[in-house]
Protein chains: 4
Amino acid sequence: MPHMTTIKVRGYHCDFYGHVNNARYLEMMEEARWQYLEVGLGLDYWSDRGLGFVVAGIDIKYKRPAGPGMDLKISTEMTESEGRTGYIHQIFTDGKTGKLVVEALVKFAVIDLRTGRPVNMDGEVAAGFEIIRAASAEGSPE
Amino acid sequence: MPHMTTIKVRGYHCDFYGHVNNARYLEMMEEARWQYLEVGLGLDYWSDRGLGFVVAGIDIKYKRPAGPGMDLKISTEMTESEGRTGYIHQIFTDGKTGKLVVEALVKFAVIDLRTGRPVNMDGEVAAGFEIIRAASAEGSPE
Amino acid sequence: MPHMTTIKVRGYHCDFYGHVNNARYLEMMEEARWQYLEVGLGLDYWSDRGLGFVVAGIDIKYKRPAGPGMDLKISTEMTESEGRTGYIHQIFTDGKTGKLVVEALVKFAVIDLRTGRPVNMDGEVAAGFEIIRAASAEGSPE
Amino acid sequence: MPHMTTIKVRGYHCDFYGHVNNARYLEMMEEARWQYLEVGLGLDYWSDRGLGFVVAGIDIKYKRPAGPGMDLKISTEMTESEGRTGYIHQIFTDGKTGKLVVEALVKFAVIDLRTGRPVNMDGEVAAGFEIIRAASAEGSPE
């Protein structure tokens, strides 16, 4: 079950065309991922182990525009982690109509902060992911 | 030949981790695309015809981090346009070493601003693209 | 009694120096003002009357840096409105220690959206402000 | 003589209201200040001496809106430095009409990066400022 968060679109999120600018969605996605990582675990779990997250790629599809006042529901879920690569799936829907607004797949690595090199997503990394997944399954606040 | 532009990385482009934030690259890409569209043609060409550009998707790969002081060379080139879909390829390299920093493929549509619907990329649209391509081939200022 | 809202500092709010960038505070202030305007009244009150808000000036003092994980408590209060000029006072404090982080005075006008010209802050404008003030006084959710 | 730089307004600089968002001006001001600091001196002058700049306050007045396509001319000039406080005056004008768009006064300190404490603006600090002022007086590239 994915983690859910909501961001209300404001005038400053939008650009000249009156809709949320395509760069701004990436900030909203980062916000949602931090919230996801905090669920049931806390960010200390990672920093205590000298681990950090690095985004390696984002494949984002803009399906419908979003304007001021829209409640964007953001669903965030880790869909896969194998070897040194993980994927987080993030979907924005219109809170009122449920229609798809944006869909994105985020490719990431977990790095050892001393060396800057990616680590395998097993052991404590996999254990941390498991706790996050279980906490999300219990239901997010919204 | 792609259009080239340069953006010097500043402190405000970066985030807590000391590198250009992944959302910020999309703003830099938008800046480079506007410059590309102006080459040899001007934005009036499109607005005079009631046409606008809409980004439908971005597939971006973050290869190397970039920090303050780095001159990011951005290459922008339309690689394909067929039916109602076009692609612009954008590559960021480190101006000093030439190493690849970010690579992105931007999928876009040209829309009729009255209807909001995508138009076919033929006729005046294709003619406009041809002028931009030719102007870029003559060499960009940098 | 001021309206209170909380924003948790994330990595993307910060710049190369590891602290919330000075431009970013203005976005956080805009977010808090929208929330303030919605309290007990809703934004329709203004748009139904063809009225909009324009920021004429901001005087902001950066007192202490804020880094990732800090809960920024933002207090927002209209302190004065006379003639065609109003002032909103916004204060950021560290949610844990209560220490002052940022203090700002925002000068604004209410404009007639058809003419783009500022209106006097009496009649329906003053009545709207009164409802917001009363709703804030009843206590904000946090 | 102030340092001059130009930024062309793009769609992503603007917000829902079609004009440059008030937070965005602060990023443009930071860009102009970095360029100003580089004139004739280079940023190494400061980092080699373990010195950094901190913005203590900004008093900004929004006089006229700016929309896409406008060339914003930004003038940047250090107007005063006494004790541990300096002021930089930044003015945005419309490149075509010369009309005033935004005017801001930035209060700053120079800090010792090891202690984080402001230093007096004499000795090497004053010498650095003098070189910047002289280089600006010779005329900026635009």
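Two strands count as paired if DSSP finds at least two bridges between them. Strands here are DSSP E runs of at least two residues, while helices are H or I runs of at least four, both numbered from the N terminus. The model is a predicted one, so local features need pLDDT of at least 70 and side-chain atom pairs count only at pLDDT 80 or more, though totals for chains, interfaces and linings use all residues. Residues are numbered from 1 along each chain as its sequence is written, and chains are lettered from A, with ligands numbered from 1, in the order in which they are written.

Strand 2 (residues 51–62) of chain A pairs with strand 2 of chain B, running antiparallel over five bridges. Within this pairing, A:Asp59 sits opposite B:Asp59.

The contact (C-beta atoms, placed from the backbone, within 7 Å) involves 12 residues from chain B and 12 residues from chain A. On the chain B side, helix 1 and strand 2 (51–62) each give two or more residues, and strand 2 supplies the largest share, eight residues. By type, that side splits into seven nonpolar, two polar and three charged residues. Nonpolar here covers Ala, Val, Leu, Ile, Met, Phe, Trp, Tyr, Cys and Pro; charged covers Asp, Glu, Lys and Arg; the others, Gly among them, are polar.

Then there is B:Glu30, found in helix 1 (residues 22–38) of chain B. B:Glu30 counts as buried because it has 21 C-beta neighbours inside 10 Å, the cut-off being 20 or more others within 10 Å, with 12 or fewer meaning exposed and anything in between partly exposed. Neighbours within four places in sequence aside, B:Glu30 touches D:Arg10 and D:Tyr12. B:Val55 lies 25 residues from B:Glu30 in sequence, with 9.9 Å between their C-alpha atoms.

Notes:
Contact = placed C-beta atoms within 7 Å.
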